[in-house]
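These are my notebook entries on a structure that I had not examined before. I set down what I looked up, entry by entry.

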Amino acid sequence: MIERNVYVWIPYSAALFLLCLIQTFVLSELPLFGFYPALLPLTVGIVAVQEGAPAGAGYGMCVGLLMQIIAPESVGLIIFGLSLLGFVAGLLARYRIQQGFSGCFICSLFVMTLLEIGQVLTHVLMDDGSILSLLCVAGIELLYSMICFPLIYLLYHRIHKQMHYAGRLGN
């Protein structure tokens with residue numbers, strides 16, 4: 001059982017590492033009107049839909065830890081927040097949302113929206129700016145990130161499909 005689970009997570013880890021490199025070294029050099037997309041949180045919604053709530057929570061925690069390491073100025077609650085959002089997205093996918101592109105899109109949008117709201121609230125509480133300007137920034141970041149969603153979905157869907165057809169996925 002444990003050996004089977006390791007085989008499932010190796011490709012997901014490699015994809016996460018690839019997206020981390022792209023986000024850190026490529027997209028950080030190509031801002032769109034001064035804004036940068038957040039690719040890593042999108043993957044939490046996708047994995048939660050494809051693998052379920054417990055896996056979404058664990059994967060969310062790993063993504064949150066990675067984001068905390070990449071951007072240490074971010075609030076440390078991102079680790080717990082992404083873990084919780086991954087779990088909730090997995091529950092939504094199991095009981096309310098169809099699996100597939102639309103379900104992954106809705107869950108990734110859910111994760112990104114709540115993450116952006118959390119960041120806005122954090123900055124408002126720290127008195128870092130007006131709520132209107134922070135909401136505008138959050139909205140543009142959300143839009144820019146969601147534009148990148150289809151490519152990320154294709155990568156993660158391919159991994160899921162290959163693992164499922166290889167008989168290593170315990171669904």
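**Entry 1: Ala38.** I looked up the contacts of Ala38, leaving aside its neighbours within four places in sequence, and found Gln23, Met112 and Ser145. I note that the model is a predicted one. Ala38 is placed in the loop that runs between α1 and α2. Is Ala38 buried or exposed? Its relative accessibility is 17%, and because buried means under 20%, Ala38 counts as buried.

**Entry 2: the nonpolar core.** I turned next to the largest nonpolar core, which holds 39 residues. Which of its members touch the most other members? I found Tyr59, Val63, Leu82, Ile152 and Tyr156. The elements that give two or more residues to this core are α1 (2-26), α2 (40-51), α3 (53-70), α4 (78-95), α5 (101-125), α6 (131-147) and α7 (149-165). With seven residues, α2 supplies the largest share.

I then followed Leu82 by itself. Apart from neighbours within four places in sequence, Leu82 is in contact with Pro41, Val44, Gly60, Val63, Gly64, Met67, Val111 and Leu115. Val63, one of these partners, is also listed among the core members that touch the most others.

**Entry 3: aromatic rings.** I searched the whole structure for aromatic pairs and recorded ten. One that I examined joins Phe101 and Tyr153 in an edge-to-face arrangement, with 5.1 Å from centre to centre and 90° between the planes. Phe101 belongs to helix α5 and Tyr153 to helix α7, so this pair ties together parts that are 52 residues apart in sequence. I compared the accessibility of the two partners. Phe101 is partly exposed, at 39% relative accessible area, whereas Tyr153 is buried, at 8%.

I also recorded one aromatic cluster, formed by Trp9, Tyr12, Tyr59 and Tyr156.

**Entry 4: the surface.** Which residues form a nonpolar patch on the surface? I found Phe17, Leu21, Phe25, Val26 and Leu30, which together have about 500 Å² of accessible area. Val26 is located in helix α1. Its relative accessibility is 41%, and Val26 therefore counts as partly exposed.

How values were computed: Residues are numbered from 1 along each chain as its sequence is written. This is a predicted model: local features need pLDDT of at least 70, side-chain atom pairs count only at pLDDT 80 or more; totals for chains, interfaces and linings use all residues. Side-chain values use heavy atoms; hydrogens and water are left out. A nonpolar core is a set of buried Ala, Val, Leu, Ile, Met, Phe, Trp, Tyr and Cys residues joined through side-chain atoms within 4.5 Å. Buried means under 20% relative accessible area, exposed over 50%, partly exposed in between (1.4 Å probe, protein chains only). Helices (H or I, at least four residues) and strands (E, at least two) are DSSP runs, numbered from the N terminus. Contact means heavy atoms within 4.5 Å. Patches are made of residues with over 30% relative accessible area and no salt bridge: like charges are joined within 9 Å, nonpolar side chains (Val, Leu, Ile, Met, Phe, Trp, Tyr) within 5 Å. Accessible areas come from the Shrake-Rupley method with a 1.4 Å probe; for residues, only the protein chains shown count as cover. A salt bridge is a side-chain nitrogen of Lys or Arg within 4 Å of a carboxyl oxygen of Asp or Glu. Rings of Phe, Tyr and Trp (its six-membered ring) pair if their centres lie within 6.5 Å; planes under 30 degrees apart count as stacked, over 60 as edge-to-face and the rest as tilted.
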